[in-house]
Amino acid sequence: MVNVRKVYTDNGSTSFPKAPGVSDVIKTFLDNTAYNINRGSYAGSYDVALEVLKTRQLLAEMFHAQTPQEIIFTPNATYSLNMLLHGFLKKGDHVITTSMEHNAVMRPLQALSKTGVTYSIVPCSKTGILNVDDILPFIKKETKALVMLHASNVCGTIMPIEKVYKICKEHNIRLIIDAVQTAGILDIDSRRMDALVFTGHKSLLGPQGIGGFVIKKEFADEITPLITGGTGSLSHEFEQPSFLPDKFESGTLNLPAIIGLKKALEYVTLTGIKTIFDHEIQLTTAFISKTSNITGVNLIGKQDSSDRVAIVSLDFINKDNASITAALDEQYGIMTRCGLHCAPIAHKTLGTYPHGTVRFSFGHFNTLDDIEYIVQSLKKILKNSGATCGL
């Protein structure tokens, strides 16, 4: 019999529930004011445009951008990374990344390698930590960019991007940071990098289908937009506008999602990103402590809650991780994610390839009671695994 209780711990994939009021403002927009922007010469269109500008302003304040025009909206972080990498790198260029990356970085780099771009992978430790000095041997005269994540979506390790920034500045290398797992819980200064990639549906607590990047004007000038077309500006010209954000925002934006994101940003800002982060780390600390003494459970990556986000991967020794995940869901209503988490290179680094891990990623709306329930459920599953899980 399925337990009626539901505990969601897949916030590394997408946050749930969303911030209070997000669905309400989206419905209100669609029902009453679903006008387009930059196209209509009427008050309703201008009002929606103002809401979009306010969303940019909230993001600019959160990421310490110089102007709201540096905020570019895209469907998601994967689109953003593709736009930046494919738009910037050319045949003969070299780029550096790390061995902890998501496929949102690795697949574009692999595709670019077929066009004459080369890339190098800096190895990280078995706990997912990058030693910044290890970057130096990979720098070449052709090195144009370094692209890397801010925190691992597999084991939660936070990368030393401030130290990486200093190396990039010294060697005139563009720095592109994938902040998918940190935007909304860590204070990130986009001025310390050339481009910062974010998504709206994870720790920003907004809806799916909206993301983007923050980009410095001088870096934007070096990038060719992958998508061109109508922007509502300079309509008399065939050439794509060169100014921000229009250069990278052709076509109709996902306005319902932007409206929803604005509501979420207001909630996150009012609550405080430090308050949210501290709560999530409290949960992570409790979970690590309570699972550390369970026989047959291996904590992957760092063995404590320092320098990490609220993502914990467990490997169940001599057990089928997928069966553990299924039992958690079917018997106890606990939602996790099992497998390689779209980051096979990270799992190879962590020693969990090809079987992967069971990932618990805690969010703003999880509680310490949830942690206790998960731990007790795991103990019951492992105790009765032979009979109930077929392991």
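Reader: Where is the place of Thr-352?

Author: Happy to start there: Thr-352 sits in the loop between helix 10 (344–350) and strand 13 (357–361). Helices (H or I, at least four residues) and strands (E, at least two) are DSSP runs, numbered from the N terminus. This is a predicted model, where local features need pLDDT of at least 70, side-chain atom pairs count only at pLDDT 80 or more, and totals for chains, interfaces and linings use all residues. Residues are numbered from 1 along each chain as its sequence is written, and side-chain values use heavy atoms, with hydrogens and water left out.

Reader: What makes Thr-352 buried or exposed?

Author: Its relative accessible area is 1%. Buried means under 20%, exposed over 50%, and partly exposed in between (1.4 Å probe, protein chains only), so Thr-352 is buried.

Reader: Which residues is Thr-352 in contact with, leaving aside its neighbours within four places in sequence?

Author: Contact means heavy atoms within 4.5 Å, and Thr-352 has such contacts with Ile-300, Asp-315, Leu-340, His-347 and Thr-357.

Reader: Why are helix 9 and helix 11 called roughly perpendicular?

Author: The axes of helix 9 (residues 321–332) and helix 11 (residues 368–383) come within 10 Å and cross at roughly 115°. Axes are lines fitted to C-alpha atoms, for helices over the stretch in contact, and angles run from 0 to 180 degrees between N-to-C directions. Angles under 35 degrees count as roughly parallel, over 145 as roughly antiparallel, 65 to 115 as roughly perpendicular and the rest as oblique. The pair is therefore roughly perpendicular.

Reader: Which residues have the most contacts inside the largest nonpolar core?

Author: A nonpolar core is a set of buried Ala, Val, Leu, Ile, Met, Phe, Trp, Tyr and Cys residues joined through side-chain atoms within 4.5 Å. The largest one has 69 residues, and Leu-59, Phe-63, Phe-73, Ile-135, Leu-146 and Val-164 have the most contacts inside it. Helix 7 (residues 255–271) gives the largest share of this core, eight residues.
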